[in-house]
Protein chains: 2
Amino acid sequence: MAIEQALEELADLLEDRFTRSEAELEQHGHSEAYFANTPPDAVVFPRNTNEVSQIVKICAAHDCPVIGWGAGTSLEGHALAVRGGISVDFRHMNKVLDVNAEDMDVVVQPGITREELNQELRHTGLFFPVDPGANASLGGMASTRCSGTTAVRYGTMRENVIALEVVLADGRIIRTGTRARKSASGYDLTGMFVGAEGTLGLITELTVRLKGQPEAVSAATCAFPDMGAAIDTVIQTIQMGVPMARIEFIDAASAGMVNAYSGTALPDAPHLLIEFHGSDTVVAEQAETFGELARENGALSFEWSTKPEDRKRLWAARHNAAYAIFAAFPGKRGLSTDVCVPISNLAQAIAETQADIDASPLPGPLVGHVGDGNFHALLVFDPEVPAELDEAMRLSSRMADRALELGGTVTGEHGIGMGKLGYMQAEHGEAWDVMGQLKTAMDPQNIMNPGKLVRSN
Amino acid sequence: MAIEQALEELADLLEDRFTRSEAELEQHGHSEAYFANTPPDAVVFPRNTNEVSQIVKICAAHDCPVIGWGAGTSLEGHALAVRGGISVDFRHMNKVLDVNAEDMDVVVQPGITREELNQELRHTGLFFPVDPGANASLGGMASTRCSGTTAVRYGTMRENVIALEVVLADGRIIRTGTRARKSASGYDLTGMFVGAEGTLGLITELTVRLKGQPEAVSAATCAFPDMGAAIDTVIQTIQMGVPMARIEFIDAASAGMVNAYSGTALPDAPHLLIEFHGSDTVVAEQAETFGELARENGALSFEWSTKPEDRKRLWAARHNAAYAIFAAFPGKRGLSTDVCVPISNLAQAIAETQADIDASPLPGPLVGHVGDGNFHALLVFDPEVPAELDEAMRLSSRMADRALELGGTVTGEHGIGMGKLGYMQAEHGEAWDVMGQLKTAMDPQNIMNPGKLVRSN
């Protein structure tokens, strides 16, 4: 069999950095989501770009699927080996190659995680701003086009990746972009690989933008009588040009679970959690402007603090929201939805979603990156009761359909992976065919993460 | 002949919106740059997307080149009909289709110019921030991936176009992106058409981001003893996280010509021209921070003002810099270079360029978007003396080679068009072949703006 031939050659090439051990296959066939495990045939651990190129050439010669693996934090099963083949684990390619402080960029290998990167940057006065919560790898973050709580201020991976090195489906190594801050030179290949979920090539090096650590940071919590008032406050704040660093929505149900799990004392109401970055003066002014708008919109409370420990506690609580929810429902699993709509339609999208969830037997607390129009329901189901997963899927599907009706997208930041493939035709129409044409041009054998992103062939 | 057949069918379809008049052909074969006129065989003026689709289908049936035309402000001859065919002039498709104030976006047709758009937005409290100086059309700006003086704060067309409608090379109409502020749903087709210079399809509708008009604006001029001191000030200001809205460099030669043309009184020295946007407090604080850094770097003067008339005069003077330079050299023409390098290498790039120009018989005043690392030499030559154009080309070529050596790009914002095609292999290497693969996949007949961007075939 062709894959077996590829595996033999890969074993020869990589020796002890090639494995078919049960434990490794199992780990690389597992996702954080609700999908069945789908292990690869082998796992390889390259040390450098040339090895990645050799690996892909061997796989191309034998039609063996090639799937990149970073930190395994995908919520949509991006890295599941649905057609077998090999998982290329980038754990040994996790170095910072070049910190360019004056240019405010850094060159890294794809296996480094965002926490490791920020740890390495801590003495430079700079930080990498994209924060999806999970300690994801940079290669995975780029491939998913992820974002998170800070996108409202600093952008997503689309805006923060400026150059790449990529191994193509035939093993060629290319460089896209430069370290110049902008360019009008040719097709935006960097942008094409960001969000491609490994279906066009493997990212082997990234240059990403850094930001200056703000002189002052303030964090605030603000409770509202209802979610509409919270969203109006957000819209008005954005229109005033107040550059919030984070602005997160959590509903009353989530607030209660977060209190129970993280020891916070949020009132039993929908909340905004906000962070401002700037100078002392700027941060104070921004907090004051926001507070005024919130009061005008009927806010029930507004607490703000510049103390690092308060802020740290707040964002730890927010990032642990999913764990807080699971802790409230022992033994259950969650399906995390990820719709994103124009912000003018966000109140409607959330209200209709809440009505759906209220009418369903499943709990589904909501959290959201409200400045971007992106929110998640964590639909909690019993993995032992198939009807519950079906119900979660039905609710998720209604949210996706609604997002499209409201001019939005089925995935703001989690990507397509296994979970959103069924909505691609509805979201993109003929543009999905164009994605297929590009895939065929770049990977005619369909060996790069096959079964993902484009129409299955 | 095939093209003649296409022209007959187009004339039938469009009646008086099809023309072969000398004057129109001449105008659509002309560029603002130094290239020879290259008129199309005909010009068409579609009224809507379906007509554009019909036009492209006719052209596809007869292998007739199709070239989009906006405002004709390209500096690299993007729209020259180097292989004949038709020019698709979007002057009738110049409407604002939808202003979404809450979402801070607007849907427009490609023929609208940025000044027309901002005129239509003037009562909304919002504005479209990308400002290349010229009153370009939005379709052209997107296709060129242009930027200008405000990119340091608001980004380029890459960051500001969020969705497109495009007519493909076979006449299919697709939509890319949505009005949601972010998405992780599939290949970034929007990003692929932005900067594609019309080689993959014709943009027939754009959704672009808007910004809130700032409460306060201050503009400043700051003279420095040398350009290194100016650039150090810029780097430090960016690292402090001060969000300058514009930060422009002009050399001493340009300052003198600007004074003579626009009646300003800039000292005979290199200058930074700066603009800050924000609240009154924020703007004052930013100007103060900048002033301190400038003084520490030896600034000779620092004048700032929040008066709209001072600001208007300043930016008019800056935008008229090219005219000021031509006024100083009557009867001459100019070759505008456009390199962009990592900002840490900008001082070196500028110094070596100035030395080159000093050693040359041609004048070449420098202006630059220094916050982005992007600068232009306007190389002034006598169109009657062929050796002078050769010398301008030689200087331009040295600048391009140097930009690549310094980790930059040959074009920060003007695009490739006719002028930079010769540097694509050097800048992109095998990635240029990948661009060719994408082009072939999307336009196998090579009818969309042939002879541009990819390797000529």
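Predicted model: local features only at pLDDT ≥ 70, side-chain atom pairs only at ≥ 80, totals over all residues.

Q: Where in chain A is His78(A) placed?

A: His78(A) sits in the loop that runs between β3 (66-69) and β4 (86-89) of chain A.

Q: Is His78(A) buried or exposed?

A: The cut-off for buried is under 20% relative accessible area. His78(A) has 8% relative accessibility, so it counts as buried.

Q: Which residues is His78(A) in contact with, leaving aside its neighbours within four places in sequence?

A: The contacts are Thr144(A), Glu197(A), His414(A), Gly415(A), Ile416(A), Gly417(A), Asn449(A) and Lys452(A). For a distance in sequence set against one in space, take Leu453(A): 375 residues separate it from His78(A), yet the C-alpha atoms are 9.2 Å apart.

Q: How is empty space inside a model found?

A: Rolling a probe the size of a water molecule over the atoms shows where empty space remains. In this structure there are 6 cavities of 30 Å³ or more, and the largest cavity holds about 40 Å³ of space.

Q: Which residues line the largest cavity?

A: The lining is made of Ile250(A), Val258(A), Thr264(A), Leu266(A), Leu273(A), Leu314(A), Ala317(A), Arg318(A) and Ala321(A). By class, 7 are nonpolar, 1 is polar and 1 is charged.

Q: Which helix gives the most to that lining?

A: Helix α12 (residues 308-319) of chain A does, with 3 residues.

How values were computed: Residues numbered from 1 in each chain as written. Chains lettered and ligands numbered in written order. Heavy atoms only, no water. 1 Å grid on protein atoms, 1.4 Å probe; cavity = no way out; pocket = protein on both sides within 12 Å on 5 of 7 lines; lining within 4 Å. Points joined across faces, edges and corners; volume = space filled by probe spheres on them. Helix = DSSP H or I, 4+ residues; strand = E, 2+ residues; numbered from the N terminus. Nonpolar A, V, L, I, M, F, W, Y, C, P; charged D, E, K, R; others polar. Buried < 20%, exposed > 50% of the residue type's maximum accessible area, 1.4 Å probe, protein only. Contact = heavy atoms within 4.5 Å.
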